[in-house]
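Here is a short briefing on one protein chain. Keep the sequence and the 3D view side by side as you read.

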Amino acid sequence: MTLNKHGNHKRILPIEKIADKFIICYNGIMRNIATGKIQHIEDAMTKKDIKKAVDNQTFDFDRRLLETLSYNIKQADQIVGHYSTKFDYPYFISRCMLTKQDTLIPPYGRILHQDTWRLMKRSINPSWKGNTLRNFIKLTGGRDEKTFVD
């Protein structure tokens, strides 16, 4: 693994739709490989963001969220997500373009992007039922219950 200019390794986890509420958020972990220090990173759309977009009659309710996500992506050497090359990252790029924030998109080739879904698709035993995130977590020895955040 390589370190970024701050000596940190950072990974950003997926943007999600949670339960039946339409909440767009991200969460991640920044780990300094040299010191082992871990920092949790997260942000979510707020009612204030939505109200501002409604008051301005715009469709940029996620403007602030995109700015913080872009900042964190640009700090990263590597992004790891599940199905993130097919959904999360293209969604981020599309939303940046729709909200006229093209400068938030990192230059092509700047970020190493790893997709655990693709890893599962290429290497998983055919007896497993699907390339789900839950199966990936079980395969790698992690906990497979969902953690809900307020």
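Asp 43 sits in strand 4, which covers residues 38–44. This is a predicted model, and in it Asp 43 is buried, with a relative accessible area of 15%. What joins the side chains of Asp 43 and Thr 68? A polar contact of 2.7 Å does.

**Around Asp 43**

- Set aside the neighbours within four places in sequence, and Asp 43 is in contact with Cys 25, Tyr 26, Arg 64, Leu 65 and Thr 68.
- Leu 65 is 22 residues from Asp 43 in sequence. In space, their C-alpha atoms are 6.6 Å apart.
- Cys 25, one of the residues in contact with Asp 43, is buried at a relative accessible area of 9%.

**Around Arg 95**

- Arg 95 belongs to helix 3.
- Is Arg 95 buried or exposed? Its relative accessibility is 4%, and buried means under 20%, so Arg 95 counts as buried.
- The side chains of Arg 95 and Asp 62 are joined by a polar contact of 2.7 Å.
- Beyond four places in sequence, Arg 95 touches Phe 59, Asp 60, Phe 61, Asp 62 and Leu 66.

**Aromatic pairs**

- How many aromatic pairs does the structure hold? It holds three.
- One of them is formed by Tyr 83 and Trp 117, and it is edge-to-face. The ring centres are 4.9 Å apart, with 80° between the planes.
- Tyr 83 lies in the loop between strand 5 (78–81) and helix 3 (84–98), while Trp 117 lies in helix 4 (residues 116–123), so this pair ties together parts that are 34 residues apart in sequence.
- Tyr 83 is partly exposed, at a relative accessible area of 35%. Trp 117 is buried, at 18%.
- Tyr 89 and Phe 92 form another aromatic pair, and this one is tilted. Their centres are 5.8 Å apart, with 35° between the planes.
- Both Tyr 89 and Phe 92 lie in helix 3. They are three residues apart, about one turn of the helix.
- Tyr 89 and Phe 92 are both buried.

**The largest nonpolar core**

- This core has 17 residues. Which of them touch the most other members? Ile 73 and Phe 92 do.
- Strand 3 (24–31), helix 2 (63–75) and helix 3 each supply at least two residues of the core.
- Helix 2 gives the largest share, four residues.

**Cysteines**

- How many disulfides does a search of the whole structure find? The search finds zero.
- Cys 96 is buried, with a relative accessible area of 0%.

**Backbone angles to look at**

- For background, most residues other than glycine have a negative phi.
- Gln 57 is not a glycine, yet it has a positive phi of about 55°.
- Gln 57 is found in the loop between helix 1 (47–55) and helix 2. It is exposed, with a relative accessible area of 73%.
- Tyr 83 is not a glycine either, and its phi is positive too, at about 65°. Tyr 83 is found in the loop between strand 5 and helix 3.

**The whole chain**

- The secondary structure comes to five helices and six strands.
- Along the sequence, the pattern is β-β-β-β-α-α-β-α-β-α-α.
- The chain has 150 residues, and 36% of them count as buried.
- Take the contacts in the chain with a separation of 6 or more: 52% of them come from residues 24 or more positions apart.

**Confidence in the model**

- The average pLDDT of the chain is 77. A score of at least 70 is reached by 75% of the residues.
- Where pLDDT is low, the predicted coordinates should not be read in detail.

Note on methods. Residues numbered from 1 in each chain as written. Heavy atoms only, no water. Phe/Tyr/Trp six-rings, centres within 6.5 Å; stacked < 30°, edge-to-face > 60°. Buried < 20%, exposed > 50% of the residue type's maximum accessible area, 1.4 Å probe, protein only. Core = buried A, V, L, I, M, F, W, Y, C linked by side-chain atoms within 4.5 Å. Contact = heavy atoms within 4.5 Å. Polar contact = N/O pair within 3.5 Å; in protein donor to acceptor, adjacent residues only side chain to side chain. Disulfide = S-S within 2.5 Å. pLDDT = per-residue confidence, 0-100.
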